[in-house]
Amino acid sequence: MRSTRLKTATLGLMLAGLVFSALPVAAQKDYRALEFPPLNDIVTPTPTRVVLDNGIILYLVEDRRLPMINLSARFGVGAVNEPADKIGLAGITGAVMRTGGSTSMSGDEIDETLEGLGAAVETSIGLVSGSAFMSVLKDNVDTVLPILADVLMHPAFPEDKIELEKVTARSTISRRNDDPTDMAFREYRKLIYGAESVYARHTEYATIDAITRDDLVAFHRDWMHPDNTMFGVWGDFDTDEMVKKISDVFGGWEKAGFVRPDLPDVDYTYDSSVNLVRKDDINQSTVVLGHIGGVRDNPDYFALRVMNDILSGGFSGRLFRIVRSEQGLAYAVFGIYSANYNFPGIFYVACMTSSETTAQAIRSLRHEVGRMTTDEITEEELNLAKESFLNSFVFNFDSRREIIDRQMTYEYYGYPQDFLEKTKTGIEKVTVEDVKRVAREYLQPDKMRLIVVGNDQDFDEAMSAFGEVNEIDVTIALPAVEAPEATEDDVAMGRDLLVRSAEALGGLDAIAAVKTFRETAEVTVVRPMGEMNITIESLVALPDQWKTVMQTPMGNIDFILSGDQGWIVDPMGNTQPLPTQQRDSIIEDQWRNPLILYQRLDAEGLVVQHIGQEEVEGTAVEALLITPPGLNPYRLYLDAETMFPVKWSGQTVSQQGPVEAERMMSDYREVSGIMVPFMRTSTENGNPGDKTVTQMVEINVELPADAFAAPE
Amino acid sequence: MKTRLTQLIPLAVMVLALSGPSGSAMSQDLAAFEQNVTEFTLDNGLTFIVVENHDAPVLSVLTYADVGSADEVKGITGIAHLFEHMAFKGTTTIGAMDLEAEYAAMEKVDEIFDDLRNERHKGHLADPERLASLEQAFDDAKTAARELGRSNAMDEAIDRAGGTGLNASTSRDATRYYYSLPSNKLELFFALESNRFLEPVLREFFIERDVVKEERRMSESSPVGRLVEEMLSAAYKAHPYGEPIVGHMSDIDSMTRAEAMDFFRRYYGAGNLTIIISGDADPAHVKELAHEYFDRLPAGPPVEPVETTEPPQIAERRVTMEDRSQPVILMGYHKVDINHEDDVVFNVLSDILGSGRTSRLYTKLVKDQKIAVNASSFTDFPGSKYPNMIVFFAFPSKDYTAADTEQAIEEEIERIRNEEVTEEELSRAKVRARVNLIRGLESNMGLATQLAYFHVLTGDWRNLFHSIDAINEVTAEDIKRVANEYLVSKNRTVASIVTMDDGGTE
């Protein structure tokens, strides 16, 4: 019923229309002809700068309007300073300084105290600087300022709070492929700075696992010094008294003669590349393209800022006007030529667009960057950008925090204290010619790196239309599991046991003679809503061809792997490439299938070691550690009496990260002279997983000639 | 104009009250604050609230239209939000070049769209050639109409004047338009805003529809966005709070300019608008400008509230979304609207259970059991004008499931049903309510947003302060009673993401 209510609406509208037309509509002033009074004076307090004996730099502004005192701190430390094998250390240190409390007060006690007073103390360490914040009612400053001092100077770093941050960090890793825009920008930074660069690298399970309490203590000891610290304080206090209070509580913090090291350079070569992250559960692509950006101390910075505004500024920049308002290709379209204070920023243009308009949007974004360097920039556009900057200049002074943070920022990065005024003067002088010149000099529309996160099956054109496509595998890496040092005896014993097991299953020769097999099985899949039974048929042609047909209520789903290539065919007959992660997991799984393992005992790089006698569900077993070439190790357990493999366990990759998997094998029956387990049950992270009951196995049967062919 | 000093007193008084013994000081604070507030209503019903703050020569403006997506009916979901987008496209004077020609061109676009829509309605029987030629004609007509007007003239005028933070938002209850300006440009706001709601021209309507479709896809691309939409549609079987604000794709796809204009005329009468100006403004000057520019707006037809009432829920509802993303759990319990006396009890209850590092959920799930990276709660979801929900949620830690965290949350809810909260918890919640109020008042835009919300939904902006008094009255017994009445399983909708791994075949 589309318009029941709208019919009444139309009636109402007619009535309203009558009223409306009866009203005299006064002649209206043209909004373009309005004259405005001069702006009231901007009263800008100048912060007082004081350096304490131990080197702490203070900026203070008295502000008696509210009985509150606020402090914002900056420390010369960042994630750029953490070791490459412990990425995450800086962030965890920054968080646990506060959550873990100090040697005199636990983090939980601090929480209780602060929340009872409506006060806040927070600490953190970001990419290139660390920070702290305190906000407190004036009357409580003598309770809260010592807490801040204590957590900065004497953090306790208790194990349980470190573990809490590590749990959070691991969870963040496991969630990092959930949001396509996050994925796109994370990978884009790596494309621009390099995956190993301190400006782009990110945490992995292994780097989080490697972090210990000793690391936090050392990181704090090495970087947190009074002569690497600045405080900005504003609020209801007398400046001299506040300086004294701060000197008192931080007086015991000893100067270290600290010199902040320079940041590493960025080595960038302009070129173009086309990169794709496949994500098949979304209907919208995130498109980002661009190249390296600049540094703010460049004399061209002012002209670049105006250029940036013309291309990507808010609702009136070209990107918004054209890609969104004119072409309707995106809701979110944005870009920036970013200039950092002390290392090169990045330049990009980006949007989110439907899968079916992805190529069109790429062309449109690229066209707009190109047009900046070839077409006219109009006086109109220049004036709009300049007026917008100059008229909104007053907003730089409407909060004390902003004023004081800016002064600290300039000093921290070694910029003149009047850099904002210099920027204003600089922008006033920018001409159309300047903008054209910097656009031509700094934008390279033909040498941009492109990344798309999306469902490329539905794109309007194949990505290859833009160049050779590099598919980025975003599978979350498992922490590498190190196999224990193997003695010669362990290795010999391991080999011997495997050969004995192979004999028990029918003999090495019989196993080597297996070329194909076909299996039909009932799989019970455990789902949150209950269990579900699926029939699967698997066809295998050794060494590297494999196909499974899942018979689901919706129809058949085929998984095919042929050498390096793989496909999924859904019940509708649509074909998709097999995701890399899924292919790797099949390859890993094959190495864990005893029949296939025993065929490959001579494979180069395979390490087998005996690790002892254990029990599996009451049965004595021989435990082996198997490390297939290039893969993580797993444990294989052989029944000590029958030598049948009864279980394997080890980490495996899932779409969302590593899981600890186990598989039990039982109900061995003979098929063509070989013993085959007819029952397999699996668990993941200790939770019940699939149960597979074999219905029928045939060995060395003829398989259909096209079984492993690329689907139509 | 008031002197600087008088207007500085109230904030200070309010904060001082915080550090004193607990008790109601808000009425005094309000009396002081009121000196800086001027409220007046034009004959056409348009209300203005001016809050003076002369610290810096800047001000924030906010127009609150008392219409949201809850006012929509099936078939036109998303129209409130789409109109909000269209309200940026200019008017008969802003952005107009040759109005007569432009209107003719827009009507042609409308006509072709009607033909196209009729052809599409035939489904499989549609004539592909006719479809293709209509689509081509549609594109051409859109381009032709676009050339005849400037859809970004209003954005540009605000940008040029130094405006910042220009934006708008549509919720289920309301549509808000806002930005900040250097205070000497106040008249520009009056010129633009009065025109915007007098004679809007819905330029590039069909292109903007495509933009909105992308906005919808953006939320579809987010696992939590998908989950929330599913949760609401399960929680509300009658009331329009169950519909997505952005609308259903097919509704957006079939919407016409005439429908959007009908919606505008029905809901954007002056009597349905409230304007807040907060910052360096002189109320007498504002009043003059208000008469000069806004007297001409028609009052508009009377607007009726949504008559559909969500019936009491009699059975728990569950939404389990198997998704290739990490687990999330949302547990929503139906509760009362903003004007019910129990509403404020939910604010305190939610604060104790789910706000900050000392809250019960954070302490149990995050700090102690480490089964979640975040556990929290919020109220007034998905709106506050009509009966709504209190929601508890958690993001489970790696290797934990939604079910693990659900159980822990349920234990805490059971505890709050069975035992009274401690005095310490209660007083912490009250202190926080006051501090949050103060912090919200620090910025011009924060103030404008809060005052508009209370004024329109409760009938008086002063209720912003009275609500703190009401919070101070809440007792441990109230919390227990409310928990037992509302936080029961038959009254809830539990929505979760269960991580599905598609690599699970052997």
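In what order do the strands of the open sheet of six strands in chain A run? The order is β1-β2-β6-β3-β5-β4, and the pairing is mixed. This comes from a predicted model. The edge strands are β1 (48-51) and β4 (120-125) of chain A, each pairing on one side only. From one strand to the next, the twist averages 15°.

Strand β4(A) is joined to β5 (residues 130-137) of chain A by six bridges, and the two run antiparallel. Within β5(A), A:Ser135 is the residue that stands opposite A:Ala120. In general, strands of a sheet pair through backbone hydrogen bonds, either parallel or antiparallel.

Now look at the helices on this sheet. Helix α4 (residues 141-153) of chain A packs on it and touches β3 (68-75), β4 and β5 of chain A. The direction of α4 makes about 165° with that of β5(A). Helix α14 (residues 400-412) of chain A lies across β2 (57-62), β3 and β6 (229-235) of chain A. This helix runs at about 165° to β6(A).

Step back to chain A as a whole. It has 20 helices and 27 strands. Its C-alpha trace spans about 100 × 75 × 55 Å along the principal axes. Of its 712 residues, 39% are buried. Among contacts in chain A with a separation of 6 or more, 69% are between residues 24 or more positions apart.

The largest nonpolar core has 210 residues. Those with the most contacts inside it are A:Met307, A:Cys351, A:Val435, B:Ala260 and B:Leu349. Leaving out residues up to four places away in sequence, A:Cys351 touches A:Val287, A:Val323, A:Leu329, A:Ala330, A:Ala332, A:Val333, A:Ala361 and A:Leu365. Apart from the 210-residue core lies another, of 57 residues. Its members include A:Leu60, A:Ala79, A:Ile125 and A:Phe157.

Turn to chain B. It is divided into domain 1 (62-96 + 150-294) and domain 2 (317-499). The C-alpha centres of these two domains of chain B lie 29 Å apart. Their contact takes 26 residues from domain 1 of chain B and 27 residues from domain 2 of chain B. On the domain 1 side, β3 (58-65), β5 (175-182), α9 (223-235) and β6 (273-279) of chain B each supply at least two residues. Helix α9(B) gives the most to that side, with nine residues. By class, this side of domain 1 of chain B has 14 nonpolar, seven polar and five charged residues.

Some backbone details deserve a check. In chain A, a cis peptide bond joins A:Leu542 and A:Pro543, with omega about 10°. A:Pro543 sits in the loop between β16 (530-541) and β17 (545-552) of chain A. Chain B has a cis peptide bond between B:Phe381 and B:Pro382, where omega is about 5°. B:Pro382 is in the loop between β9 (372-381) and β10 (388-396) of chain B.

B:Asp380, placed in strand β9 of chain B, has a positive phi near 60° and is not a glycine. B:Lys370, in the loop between α14 (360-368) and β9 of chain B, has a positive phi of about 55° although it is not a glycine.

Conventions
Residues numbered from 1 in each chain as written. Chains lettered and ligands numbered in written order. Predicted model: local features only at pLDDT ≥ 70, side-chain atom pairs only at ≥ 80, totals over all residues. Domains from an automatic or database assignment. Contact = placed C-beta atoms within 7 Å. Helix = DSSP H or I, 4+ residues; strand = E, 2+ residues; numbered from the N terminus. Nonpolar A, V, L, I, M, F, W, Y, C, P; charged D, E, K, R; others polar. Buried ≥ 20, exposed ≤ 12 C-beta atoms within 10 Å, placed from the backbone. Core = buried A, V, L, I, M, F, W, Y, C linked by C-beta atoms within 7 Å. Pairing = 2+ DSSP bridges. Axes fitted to C-alpha atoms, helices over the stretch in contact; angles between N-to-C directions.
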